[in-house]
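This report covers selected local features of one protein model.

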Amino acid sequence: MIASQPGEIMPNQWVRPFKRVAVLGAGTMGSQIAAHCANAGLQVILLDMKANEGPPNATVERLFKNARKMRPSPFFSDAAASRIQLGNFDDDFPRIASCDWVIEVVVERMDIKRSIMARIEEHASDDAVVSTNTSGLPIAEIAEGRSSGFRRRFLGTHFFNPPRYLKLLELIPTSDTDPEVLRRVASFGRVHLGKGIVVAKDRPYFIGNRIGIYGMLSAIREFVDGRYTIEEVDALTGPLVGRPRSATFRTADVVGLDVMQHVIDNLRQAVPDDESVEAFDTPAILRSLVENGALGAKTRAGFYKKEGGTIKSIDPATGQYRAPGDMDLDVSKIKSHGDLGDRLRALYDDDGRAGAFFRRTTHDLLAYAARRIPEVADSPGDVDRAIKWGFGWEAGPFEIWDMIGVQRVAEDMTRADVDVADWVSAMVDSGRDSFYAGDNDARTVYVPGIDAAVVEPSPGDELALGSILLDEQRTLWSNEDVTLVDIGDGVAMLEFHSKANTLGSTVIAGINEAISRVESDANLRGLVIGNDGQNF
C-alpha cells in the first residue's frame, strides 16, 4: 500500500470507535495524550509508577497536576479532565482489561517498552488495539516476543507535542499489523481526535522529525558558522516563508534544548548509513547551553533570555546574552507580497544576504527530503503533510519546490554541488515540471516508485470548500463579509471572508440573515458555518 493514499486507510464508511482507553505513562506526552483522548469523550485510565513514598498514586497524581497547570492547557474543559482515572502500574494494571485501546507512553528505552508490552498482553482484552508512542524507536522490535495475535493489533503512534494543538499523528504499522486495525486508528484519530494522519514507514524518527529536525539544524548552522545572528535566522525562517512565528530558535526553546539534544543525539546514532549523517552532529552551543542548565522556555533561558524588558540572545563567542543589534536584512519588499509563492520566489531571487540564506538552506532541505524517498515515505505528499502538520508550515518541501520551479531549483542545486536525488533528475529529464498537478479538489502527486502521478484522495466525509465557493450558482446570498452557499443535501454554509475572520457587525448581521433564510426555505434543512481560513 502506498501511504500517500489516505482514502485507502480512511474510507467513507463506519469504523467502530473507541470508548475507553488506557494510557501507560503519565509524563509530559502521556498526560497530554490522555487529556486529548478525554477531550474527545473517551473514558481514560492513566497509569504510572507506584510511588516509593507516600500514597501509592502520589507519582501519577503529581504528574497529572502538572498537566492541569500547563499553558496552553491540554484540556478542553474541567469536564474533560474529570474523565481521567488515575492509578499505578503495581496495583491497577489489570484495569486495562476494560479498555479497547491501550497506548504505551513510557520512557524511550527498548527494554522497558518490551517489558510493558509483555504485561499488556497478559492483562489486555484479546481484541484491544495496542500502540506504542515513540518518536524514533523501531516499532517492530518493540513487539518482538509477543504472540501473532498481539502483533496483528499492534502499531506505532507518534503524536506531536503538544498533542492537542499540533495536527500530525504519524501511524507506523508493522508487517504484522492488521489493515483493519490501522484503518480504525486512522479513522478515530482523524474524526474524533482531529488529527491529520500520515502513515509512516518504520524508519528512525519516521517522516516528520527525520526531515524537520534536519531542516532546523541546517538553519542553526548558519548561526553557528557565524554568517547570521539568531535574530536574523528567525526572521528568515518564520512567517516570511510560511512558518510559525517561533521560527527556528524560539521553537527550540519551546521544545526544550535538553529534549532537542536528546533527539539529535539519538538520530545521529540511529542513521549511521544516512549520507548526511554528520548534519546530525549536535551543535556545540546547544550542548553548552544544556550543560549550563539553560534549557529554553522552561528555565527562562535558552537561545533567548528575557532580561528586564529586553529579549536577548546567546553570544557563542562569550557565552553571555547580548541585546539584539540591527539586522542586515532588507526584506521589506518581499514582505509586501501577500501570496506565499510570490514571497518565496522573491526571496529566492534576492541578491542580498536574505536570498543567500534562503537559497542555501532551501537547497539543503529540499534535496535531503528528496533523498529520503523511498526510505521514509513513498510519496512527496506524505513528506509535505508530515512537515505541514507536525511543524506548522504553510507548504511542505515539495510544494515549496514547485512554487519556485522544479527544474530551476534542481539545476541550481547541481551548480551549488548539492546532491540531487536520482529520481528527481529522472523526473525532470522526462519533461515533468512539477511534483503536483491539478487543483485542491483533484490534485495529483508524482510517486517515483511507480513513475506516475496518483490522485491524492481526501476522505469522502470531508468537503473541500474551494470549488464550492467558486461556483457562483451555489451562492444563495452574500454581503461584503459573508457568503451563504448551497453545499448540497439540503444544507447551506455560511463562509466568513472578513479581514482575519473578525466578527464585526456585518458578519453578525450576516449570521442572522443566514438563519432567517434557512428557516424560511423548505429546501434547506440545516446551516453550517465553515471556512478554510487560518484564523477560523
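## Residues with positive phi

D451 counts as exposed, at 54% relative accessibility (exposed is over 50% relative accessible area, buried under 20%, partly exposed in between; 1.4 Å probe, protein chains only). D451 is not a glycine, yet has a positive phi of about 50 degrees. D451 sits in the loop between strand 13 (444-447) and strand 14 (452-455); helices (H or I, at least four residues) and strands (E, at least two) are DSSP runs, numbered from the N terminus.

The model is predicted: local features need pLDDT of at least 70, side-chain atom pairs count only at pLDDT 80 or more, and totals for chains, interfaces and linings use all residues. Residues are numbered from 1 along each chain as its sequence is written, and side-chain values use heavy atoms, with hydrogens and water left out.

N501, also not a glycine, has a positive phi near 55 degrees. N501 is buried, with a relative accessible area of 13%, and lies in the loop between strand 17 (491-496) and helix 23 (505-520).

## Cis peptide bonds

N161 and P162 are joined by a cis peptide bond with omega of about 5 degrees. P162 belongs to the loop between strand 6 (154-159) and strand 7 (168-173).

The bond from I373 to P374 is cis, with omega near 10 degrees. P374 is in the loop between helix 17 and helix 18 (380-391).

## Contact of helix 17 with helix 20

In helix 17, H363, L366 and A367 meet V409, D412 and M413 of helix 20 (contact means heavy atoms within 4.5 Å).
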